[in-house]
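Let's walk through a protein and the molecule it holds. Have a look around first, then we'll talk it over.

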Amino acid sequence: MSHTNLVVLTGAGISAESGVPTFRASDGLWCGHRVEDVATPEGYAADPALVQDFYNQRRRQLAEVRPNAAHRALADLATRWEGDFLLVTQNVDDLHDRANEAMPPAAGFELIHMHGELLKGRCTRSGVVMDWAGDMAADEASPHHPEGVMRPHIVWFGEMPLQMERIERALEACDLFVSIGTSGAVYPAAGFVQAAQYAGARTVEINLEPTSGARLFDEGVYGPATQAVPAFFSTL
Ligand code: BV8
């Protein structure tokens, strides 16, 4: 069966075997915090130093992890996919970016970090986004606005994910939708499979084990991403 327009959604499970902890494995705690408590505008307003430290710790951890065989399988697929291939990740790590950088550029491929990126910062007044590799202080002055401070370029709960119109257009046009390593606990990403079904796409869930949304998919491929992802995409 040949496919033309592919949308892949990834979540924390694709980075798990690289050593990046997932969100809901250890009852949702991350660096000792509940994500829903610190990954919110209210949490940031209440304690900017705590939230900045939460992201500083995760930004520092990126130096200790590397892309795994699942990230590399998607980067390799991008170089040989003949139609449109949109890779939407909920992950804020840069493992997809690094896997893609190791491959030749692929026409028709695009990567979207719909929940933002750890290695970017945003001015709270101008909205300007810039690369940010080091720690960020709670009162980090913004180079883009005299009264602005820098915040992580991360989409918190209650904030609108990035590039939603572009993602929705791709879902309407896709004939294959593959969800990888996500529990389907967070919207709007968890609703993408329904949009793909509505567009008539073949929908596949690849995860360590069936998620609570498994019944929404045409097919399921289960096992560690470093094995299941290369195996599935080698059949295409
Ligand atoms: C929005 C950045 C609308 C932060 C994240 C009340 C108030 C406000 C909003 C809401 C509300 N109630 C509901 C909502 C909507 C809310 C939501 O969905 N809440 C949930 C908790 C119910 N969503 C939002 O707020 C979103 N925005 O709705 O805006 C709007 C409309 C108009 C105007 C303004 C706004 C924004 C959501 C984005 C939040 N930010 N991340 C950060 O990272 O610090 S979400 C966070 O969860 C991460 O991005 C993460 O990626 C995402 C989803 O988690 P998963 O990736 O799925 O990870 P998880 O641990 O859950 O699962 C891992 C999976 O991997 C498991 O299935 C496991 O089996 C598998 N696995 C493990 N190991 C492996 C493996 N698979 C394969 N191999 C392995 N080795």
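Predicted model: local features only at pLDDT ≥ 70, side-chain atom pairs only at ≥ 80, totals over all residues.

Q: Which residues come nearest to the ligand?
A: A residue counts as near if one of its heavy atoms lies within 4 Å of the molecule. There are 36 residues around the ligand, and the nearest are Arg24, Arg58, Gly158, Thr182 and Ser183.

Q: How far is a polar side-chain atom of Thr182 from an oxygen atom of the ligand?
A: A polar contact here is a pair of N or O atoms within 3.5 Å. Tyr55 uses a side-chain N or O atom, 2.8 Å from a ligand oxygen, while Val155 uses a backbone N or O atom, 2.8 Å from a ligand nitrogen. For Thr182, the distance from its polar side-chain atom to a ligand oxygen is 2.7 Å.

Q: Which elements give two or more residues to the lining of the second largest pocket?
A: A pocket is an open set of points on a 1 Å grid over the protein atoms alone, where a 1.4 Å probe fits, with protein on both sides within 12 Å along at least five of seven lines; lining residues have an atom within 4 Å of a point. This pocket is lined by 18 residues, including Gly184 and Leu216. The elements asked for, named as DSSP runs (helices H or I of at least four residues, strands E of at least two) numbered from the N terminus, are strand E9 (176-180) and helix H7 (192-198).

Q: Which residue forms a salt bridge with Glu110?
A: A salt bridge puts a side-chain nitrogen of Lys or Arg within 4 Å of a carboxyl oxygen of Asp or Glu, and the structure holds 9. With its closest N and O atoms 2.8 Å apart, the partner of Glu110 is Arg166.

Q: Where is Pro188 found?
A: Most peptide bonds are trans. Tyr187 and Pro188 are joined by a cis one, with omega about 0 degrees. Pro188 sits in the loop between E9 and H7.

Conventions
Residues numbered from 1 in each chain as written. Heavy atoms only, no water. Polar contact = N/O pair within 3.5 Å; in protein donor to acceptor, adjacent residues only side chain to side chain.
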